Amino acid sequence: MAKTTIRIRHSHARGAVGLRGTPPLAWNTTAAPVRREGSVSVFELDVPEGVLVEFKAVRADGRFSGGRNLTVLAGETAVAEPYFETEKGALDPEPHTIGSAQLGRAMKFRIFLPPSYRENEQRAYPVLYVLDGQSLFSDSRDPFDGSNWALDETLNELWALGAVDEMIVAAVHTDEDRIALLSPSVDPEQAGGRGPDTLAFLTDTLKPYVDTFFRTRRDRESTGVMGSSMGGLFSFFAAWTRHDVFGKAACLSGAFWWNRRRFMHLVENGACPFPPPVYYIDSGAAKNATEEDPGLRDGYHHTMALRRALVGHCYSPGSNLHVLAFPGHRHDTASWAARLGVPLQLLFPPA
């Protein structure tokens, strides 16, 4: 037999927590904890070597925790923060509006809270800031192609699996003057260049607001930024420039061609950010090597050039840098939605 420990963190004010599961637990009988350590209920089981135990937390009112069954292998320790009152995250029905002195205008954003937020009152959460909030959730429509990322549905599925950490999402609307808002510099052909002002808005206005009104983990390791296309370029710029704020960034189909690939030159010739943010960078790629349609090529060659610059400078693939290609994926919302779960799992692994 191997001593096996399960630690369940949950507010006792909402009811005592027990366990049910496969032997040595049972699905028709609730096992009580051997002790409590503050808000943590501790269970100790004698499990035969090599046996995997499935379990679920059960509240005193008989309600099972949300999500799928959890597991622990004989001799190991499992830690869980279950939620009982809802199985899905809570999305603001309408955007909030906040003034931005940096941009000289009002900005819209929505908040998506994880399932346990309302009942695990002592818990603080990492925060992911995502650009193009007008196209992210299942109740929205991209103004260009009418689709959306379905970020809420993807996160709900991943949370049910226990595949990613629970996080707060702050989704920033960038549909008005999008190119200007998300471009880090002026392109001689495309103009733009208000990215630094948008970054200042995120770090000096929106983040303080989110940290004040929600239970957040405020450190850089718990704060990420994500976007696609121009939003992917902006996310790279944000983490590179303000690595003291953003410890991780996901750049899907980043527009790294912007301003004659200026950021690649900065990476090659500038100082490395320290501590370096963790990057996820991807692109689609044409299946036909002679494809000329830029939507099908999806800037793959620019993405690979950036990878070479990063690896040659200060980054280690598989450690603080993840660069992936997706053959057949186009430069469009449907493709980003299809692979969205990859960066979420890489950058926000379960605790």
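Q: Helices (H or I, at least four residues) and strands (E, at least two) are DSSP runs, numbered from the N terminus. Which helix does Phe234 lie in?

A: Phe234 lies in α4, residues 230–241. This is a predicted model, in which local features need pLDDT of at least 70 and side-chain atom pairs count only at pLDDT 80 or more, while totals for chains, interfaces and linings use all residues. Residues are numbered from 1 along each chain as its sequence is written, and side-chain values use heavy atoms, with hydrogens and water left out.

Q: Is Phe234 buried or exposed?

A: Phe234 is buried, at a relative accessible area of 0%. Buried means under 20% relative accessible area, exposed over 50%, and partly exposed in between, with a 1.4 Å probe and protein chains only.

Q: What does Phe234 touch?

A: Setting aside residues up to four places away in sequence, Phe234 touches Leu131, Leu181, Leu182, Gly195, Thr198, Leu199 and Leu202. Contact here means heavy atoms within 4.5 Å.

Q: And what separates the C-alpha atoms of Phe234 and Asn156?

A: 26 Å, with the two residues 78 apart along the chain.

Q: How do α4 and α5 pack?

A: The angle is about 30 degrees and the axes are 12 Å apart. Axes are lines fitted to C-alpha atoms, for helices over the stretch in contact, and angles run from 0 to 180 degrees between N-to-C directions. α4 and α5 are therefore roughly parallel to each other (angles under 35 degrees count as roughly parallel, over 145 as roughly antiparallel, 65 to 115 as roughly perpendicular and the rest as oblique).

Q: Which residues meet there?

A: From α4, Met230, Leu233, Phe236, Phe237 and Trp240; from α5, Trp258, Phe263 and Val267. By class, that contact of α4 with α5 has eight nonpolar, no polar and no charged residues. Ala, Val, Leu, Ile, Met, Phe, Trp, Tyr, Cys and Pro count as nonpolar, Asp, Glu, Lys and Arg as charged, and the others, Gly among them, as polar.

Q: OK, α5 and α7: at what angle do they pack?

A: About 15 degrees, with their axes 9 Å apart, so α5 and α7 are roughly parallel to each other.

Q: What about the residues of α5 that meet α7?

A: Arg261, Met264, Val267 and Glu268 in α5 meet His301, His302, Ala305, Leu306, Ala309 and Leu310 in α7. The contact of α5 with α7 has six nonpolar, two polar and two charged residues.

Q: New topic. How many disulfides does the structure hold?

A: One. Cys272 and Cys314 form the disulfide, with their sulfur atoms 2.3 Å apart; the cut-off for a pair of cysteine sulfur atoms is within 2.5 Å. The link of Cys272 and Cys314 is left-handed, with -110 degrees about the S-S bond.

Q: Which parts does the pair tie together?

A: Cys272 is in the loop between α5 (258–269) and β15 (278–285) and Cys314 in the loop between α7 (300–311) and β16 (321–327), so the pair ties together parts 42 residues apart in sequence. Cys272 is partly exposed at 31% relative accessibility, and Cys314 is partly exposed at 23%.

Q: Last one: where is Ser135 found?

A: Ser135 is in the loop between β11 (127–130) and α1 (151–161). Ser135 counts as buried, at 1% relative accessibility. Leaving aside neighbours within four places in sequence, Ser135 is in contact with Ser140, Arg141, Asp142, Pro143, Asn148 and Trp149.
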